[in-house]
Amino acid sequence: MLPLPDREPNGLTVLDTYSCSGGMAMGYYLAGFNVVGVDINPQPHYPFPFIQGDAIEYIRAHGHEYDLGHGSPPCQLYTPLNAYNHKVYPDLIGPTREAFEAVGLPYVIENVEAAAPELRDPTLLCGPMFDLRVYRHRLFETNWPLTAPAHPAHSAICTRNGYLPTEAKPFMTITGGRHSRAWQNAACDAMRMPWIKVPAGGDIPLGIREVCEAIPPAYAQWIGRQAAARIPARLPSAA
């Protein structure tokens with residue numbers, strides 16, 4: 001694991017559910033938060049304290065212990081590809097929202113654009129808003145006001161999925177497939193996630209899955225700074 005970057009702590013802790021390999025987690029960390037991740041699956045490269053378990057159950061049992069909740073429920077139900085594979089996926093956006101609301105937690109729920117009908121007044125974030133060479137639109141529902149940076153025009157051309165960026169096509173398309181280690185490392189660079197780069201001899205399929213499921217940390221850093229400005233400081237308990 002790479003050393004964590006320097007940052008200025010804000011004394012707040014975020015609960016990062018459906019954490020995957022920690023793209024959002026790193027952004028919240030850079031915004032000053034302490035981070036605890038929860039995921040139903042093992043996440044060997046998650047860079048912060050991690051609990052393997054059911055996200056909704058954990059929110060309901062422990063959400064009151066945190067200052068902010070983040071949830072990235074699986075997106076497969078909402079993606080257009082599901083029209084072809086005909087698999088059954090759980091609808092977890094509503095139950096995740098209900099769990100956060102039940103414990104009275106300020107929250108962020110992330111998902112793909114196709115999930116817009118399931119989200120309440122979501123805010124769109126995009127890679128060029130943060131000088132990233134990947135478009136990667138994602139929606140964020142919050143129960144507090146969230147603003148987005150100006151949305152630059154999509155003028156740069158993307159490479160096809162599985163291909164490395166070039167001078168003529170400098171933006172990457174980052175979705176699953178049988179890709180090379182060089183591609184996985186380039187995708188990590190594009191999203192600024194060096195801690196999940198696959199080293200020589202490493203597990204390429206795991207690394208590809210991690211980067212393809214990830215959200216650039218810059219998105220969470222933007223969100224986290226706004227959230228921290230709105231969360232009241234915890235008062236010390238009376239002796």
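Which residues of α1 are buried? The buried residues of this helix are G23, M24, A25, M26, G27, Y28 and Y29, where buried means under 20% relative accessible area, exposed over 50% and partly exposed in between, with a 1.4 Å probe and protein chains only. The model is predicted: local features need pLDDT of at least 70, side-chain atom pairs count only at pLDDT 80 or more, and totals for chains, interfaces and linings use all residues. Residues are numbered from 1 along each chain as its sequence is written, and side-chain values use heavy atoms, with hydrogens and water left out.

Helices (H or I, at least four residues) and strands (E, at least two) are DSSP runs, numbered from the N terminus. Because 7 of the 8 residues of α1 are buried, this helix is largely enclosed by the rest of the structure. The cover over its buried residues includes β1 (13–17), β2 (34–39), β4, β5, β7 and α7. After α1 comes G32, which has a positive phi, near 115°.

## Helix pairs

Axes are lines fitted to C-alpha atoms, for helices over the stretch in contact, and angles run from 0 to 180 degrees between N-to-C directions.

| Helix pair | Axis separation | Angle |
|---|---|---|
| α1 (residues 23–30) and α7 (residues 217–230) | within 7 Å | roughly 40° |
| α5 (residues 181–191) and α6 (residues 204–213) | 10 Å | about 25° |
| α2 (residues 55–62) and α4 | 8 Å | about 10° |

Angles under 35 degrees count as roughly parallel, over 145 as roughly antiparallel, 65 to 115 as roughly perpendicular and the rest as oblique. The axes of α1 and α7 cross at roughly 40°, which means that α1 is oblique to α7. The crossing of α1 and α7 is right-handed; a crossing is left-handed if the near helix is turned anticlockwise from the far one by less than a right angle, and right-handed if clockwise. On the α1 side the contact (heavy atoms within 4.5 Å) is made by G23, M24, M26, G27, Y28 and L30, and on the α7 side by P217, Y219, A220, Q221, I223 and G224. These residues comprise 8 nonpolar, 4 polar and no charged. For this classification, Ala, Val, Leu, Ile, Met, Phe, Trp, Tyr, Cys and Pro count as nonpolar, Asp, Glu, Lys and Arg as charged, and the others, Gly among them, as polar.

For α5 and α6, the angle is about 25°, so α5 is roughly parallel to α6. The crossing of α5 and α6 is left-handed. Residues R181, W183, Q184, A187, C188 and M191 of α5 meet I204, G207, I208, V211 and C212 of α6. The contact of α5 with α6 has 8 nonpolar, 2 polar and 1 charged residues.

Helices α2 and α4 are likewise described as roughly parallel to each other. From α2, I56, I59 and R60 meet P95, T96, E98, A99, F100 and A102 of α4. The classes in the contact of α2 with α4 are 6 nonpolar, 1 polar and 2 charged residues.

## Helix α7

With 14 residues, α7 reaches 20 Å from its first C-alpha to its last, close to the 20 Å expected at 1.5 Å a residue; the expected span is 1.5 Å times one less than the number of residues. Its buried residues are P217, A218, Y219, A220, Q221, I223, G224, Q226 and A227. Among the elements that cover them are α1, β4 (68–71), β5 (107–111), β6 (123–125), β7 (138–142) and α5.

P217, in helix α7, counts as buried at 5% relative accessibility. Apart from neighbours within four places in sequence, P217 is in contact with G23, M26, G27, M191, R192, M193 and W195.

L125 belongs to strand β6 and, at 0% relative accessibility, counts as buried. Leaving aside neighbours within four places in sequence, the contacts of L125 include Y219, W222 and I223, together with F130, R136 and F140. L125 and A220 are 95 residues apart in sequence and 9.9 Å apart in space, C-alpha to C-alpha.

E101 lies in helix α4 (residues 93–102) and is partly exposed, with a relative accessible area of 41%. Not counting residues up to four places away in sequence, E101 touches Y107 and R120. Its C-alpha atom is separated by 9.7 Å from that of G63, 38 residues apart along the chain.
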